Amino acid sequence: KAENDEEEVATQRFSLRDTLERWLPSLNGRKRVWLDIYDILKKDPRTLIYGTDYLYHYSLNEIGKGHNHAHNSWLDVIVALGIPGFLIVALITAIAFWHVFLILFGKQYELWQKCIALLVVCLMAVGAMEPHLFLGGHYLAERNSLHPSDFTFFLCLGYMIQWRAADKASRNKLKETASQSNAPESADHPGTATGN
């Protein structure tokens, strides 16, 4: 009876890998790669701190399967740079989503600027399935393939940040001019400032 109880407890424990295996769709074989990356990181947690140079040789040594990349830009960063690099990339991702949201729903932006914001969303969607963002083609030592979507993503993000800064500066300038135009008016007519 004790053995049966232990087996029931073992089956009731939450397992992230089993949950991902059960609920995640295949996505053209990407699920298998992602689960292999999960197994590698669980087997050698030091990778989460230090990262590793090339995933292909590392995965070949750890699990016997050579993966050129993780088929996900954020997973690639975790494997290549560890959690410190991932935190920087998560911050960049949050900044990108924030600026996309503000530009898409801001009435002061033109259609072409909103199209650039949508391009950033599309590039992040591609980055969820391919390793094109953040590392610039860091896959194999023998074959370093730079992809233009990495450069395009950061270029568009830089433009969006500049547009938001220019918009904020123009709003601040309008507030200053409005407050300066009200200040002489109240000095000429002292009764208006006190309400008399």
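Predicted model: local features only at pLDDT ≥ 70, side-chain atom pairs only at ≥ 80, totals over all residues.
Residues are numbered from 1 along each chain as its sequence is written. Local features need a pLDDT of at least 70 and side-chain atom pairs a pLDDT of 80 or more, while totals for chains, interfaces and linings use all residues, and side-chain values use heavy atoms, without hydrogens and water.

The chain has 9 helices and 0 strands (DSSP runs numbered from the N terminus: helices H or I of at least four residues, strands E of at least two). From the N terminus, the elements run α-α-α-α-α-α-α-α-α. Of the 196 residues, 33% are buried (under 20% relative accessible area, 1.4 Å probe, protein chains only). Among contacts (heavy atoms within 4.5 Å) with a separation of 6 or more, 60% join residues 24 or more positions apart.

The mean pLDDT (the predictor's confidence in each residue, from 0 to 100) is 78 for the chain. A score of at least 70 is reached by 65% of the residues. Confidence is highest in helix H7 (residues 111-127), at 94. It is lowest in helix H9 (residues 190-194), at a mean of 52.

Helix H6 (residues 73-105) packs against H7 at about 155°. Their axes, lines fitted to C-alpha atoms over the stretch in contact, with angles from 0 to 180 degrees between N-to-C directions, lie 10 Å apart. The two helices are therefore roughly antiparallel (over 145 degrees). In H6, the contact includes Trp74, Phe97 and Leu104. In H7, Leu118, Val121 and Met124 are among the residues met.

Note on methods. Parallel < 35°, antiparallel > 145°, perpendicular 65-115°, else oblique. Buried < 20%, exposed > 50% of the residue type's maximum accessible area, 1.4 Å probe, protein only.
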